[in-house]
Amino acid sequence: MIAGFKQLDRILRGEATRLSSLTRGSIDVTAGGLFLVIFLLGALNGACMGCFALIRTWNGPNHHDGLMQMLASMGKVPALFLLTLVVTFPSLYVFNALVGSRLTILSLLRLIVAAMSVMLAVLASFGTIVAFFSFTTTSYPFMLLLNVVVFAISGVLGVVFLLQTLRRLASIIRAEDMGVMNVGAAGQPAGLDPRSDQAPAGAEEYAPHDSVRSTVQPPPIPGALDAMEGRILGSNVKAVFRIWMIVFATVGAQMSWVLRPFIGNPNQPFTLFRPRQSSFFEGVVHALTQLIGRW
């Protein structure tokens with residue numbers, strides 16, 4: 001477990017996605033350790049989401065419903081991400097193959113699991129905010145919309161991480177095809193500053209000449225979400241992955257609707273799953289209408 005959180009820390013700091021760490025054409029993390037991290041962070045966020053039902057029913061006749069809702073949410077949040085991964089991973093692999101990527105199934109799985117760990121880390125960091133509003137508001141529609149916003153922010157950041165890592169992997173492949181990046185004995189690309197993620201331009205090596213090396217300031221170390229300069233991915237490649245991002249977001253949203261409730265309506269008895277009706281997007285519009293109607 002500790003090793004998994006150390007890997008997450010390397011991902012968040014950008015250490016696992018620097019060019020010097022991607023020279024083997026894959027992100028250097030283990031999917032197994034990150035799966036445990038995803039489960040624990042998801043359970044933490046689920047507990048914070050379930051606080052609303054727990055607090056609202058604590059002094060009522062159905063006080064056990066709030067506790068049951070919290071426990072259910074702790075299992076549902078990790079299940080939401082893992083089931084979304086199962087549904088969308090085949091399409092990602094096909095899209096990845098269509099654009100000519102050399103990533104293997106295992107490498108692609110590691111990459112998307114790393115992206116999901118970023119989503120869950122952001123989601124868990126918002127947990128205290130969700131718990132705070134659970135204590136300070138009685139509006140169920142507001143709590144629904146607040147969590148939709150929190151999940152949306154987490155999803156966007158995770159997808160940005162995925163795209164930027166793909167861009168860096170593409171820069172390595174292009175450099176290898178041009179014969180300007182060779183992995184040295186130390187495991188770092190020859191001709192590339194290990195502290196930088198800038199791709200080599202043209203057929204020239206990135207590293208400055210020895211005579212001017214001492215006068216050139218090294219570029220700042222990029223973070224996990226920093227974009228690389230230059231046109232690394234073609235417009236068609238970007239379009240394909242943007243389409244997949246829309247697919248991922250749509251599947252994740254509807255999956256959350258299938259697994260609802262996550263927060264628990266204090267005016268309704270506890271139920272593990274609600275009947276399948278309507279859709280996620282109709283539910284959001286309905287909650288927004290209810291919230292506006294109270295003003």
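Predicted model: local features only at pLDDT ≥ 70, side-chain atom pairs only at ≥ 80, totals over all residues.

Colleague: How many helices and strands does the chain have?

Modeller: The chain has nine helices and zero strands, where helices (H or I, at least four residues) and strands (E, at least two) are DSSP runs numbered from the N terminus.

Colleague: And what share of the chain is buried?

Modeller: Buried residues make up 44% of the 295 residues; buried means under 20% relative accessible area, exposed over 50%, and partly exposed in between, with a 1.4 Å probe and protein chains only.

Colleague: What span does α3 reach?

Modeller: Helix α3, residues 63-98, has 36 residues and reaches 53 Å from its first C-alpha to its last, close to the 52 Å expected at 1.5 Å a residue, the expected span being 1.5 Å times one less than the number of residues.

Colleague: Where is the kink in α3?

Modeller: The kink, of about 45 degrees, lies at Thr-88, shortly before the proline Pro-90; the bend at a residue is the angle between axes fitted to the seven residues ending there and the seven starting there. After α3 comes Gly-100, with a positive phi near 80 degrees.

Colleague: Changing topic, how do the axes of α1 and α4 cross?

Modeller: The axes of α1 (residues 2-13) and α4 (residues 105-125) come within 10 Å and cross at roughly 90 degrees, and the two helices are therefore roughly perpendicular to each other, a label for angles of 65 to 115 degrees.

Colleague: Which residues meet there?

Modeller: Leu-8, Ile-11 and Leu-12 in α1 meet Ala-114, Ser-117, Val-118 and Ala-121 in α4, where contact means heavy atoms within 4.5 Å. By class, this contact has six nonpolar, one polar and no charged residues.

Colleague: Is Asn-147 buried or exposed?

Modeller: Asn-147, found in helix α6 (residues 140-178), is buried, with a relative accessible area of 4%. Not counting residues up to four places away in sequence, Asn-147 touches Met-49, Val-130 and Ile-263.

Colleague: And what about Leu-106?

Modeller: Leu-106 has its place in helix α4 and is partly exposed, with a relative accessible area of 47%. Leu-106 and Ala-31 are 75 residues apart in sequence and 9.0 Å apart in space, C-alpha to C-alpha.

Definitions and conventions
Residues numbered from 1 in each chain as written. Heavy atoms only, no water. Axes fitted to C-alpha atoms, helices over the stretch in contact; angles between N-to-C directions. Parallel < 35°, antiparallel > 145°, perpendicular 65-115°, else oblique. Nonpolar A, V, L, I, M, F, W, Y, C, P; charged D, E, K, R; others polar.
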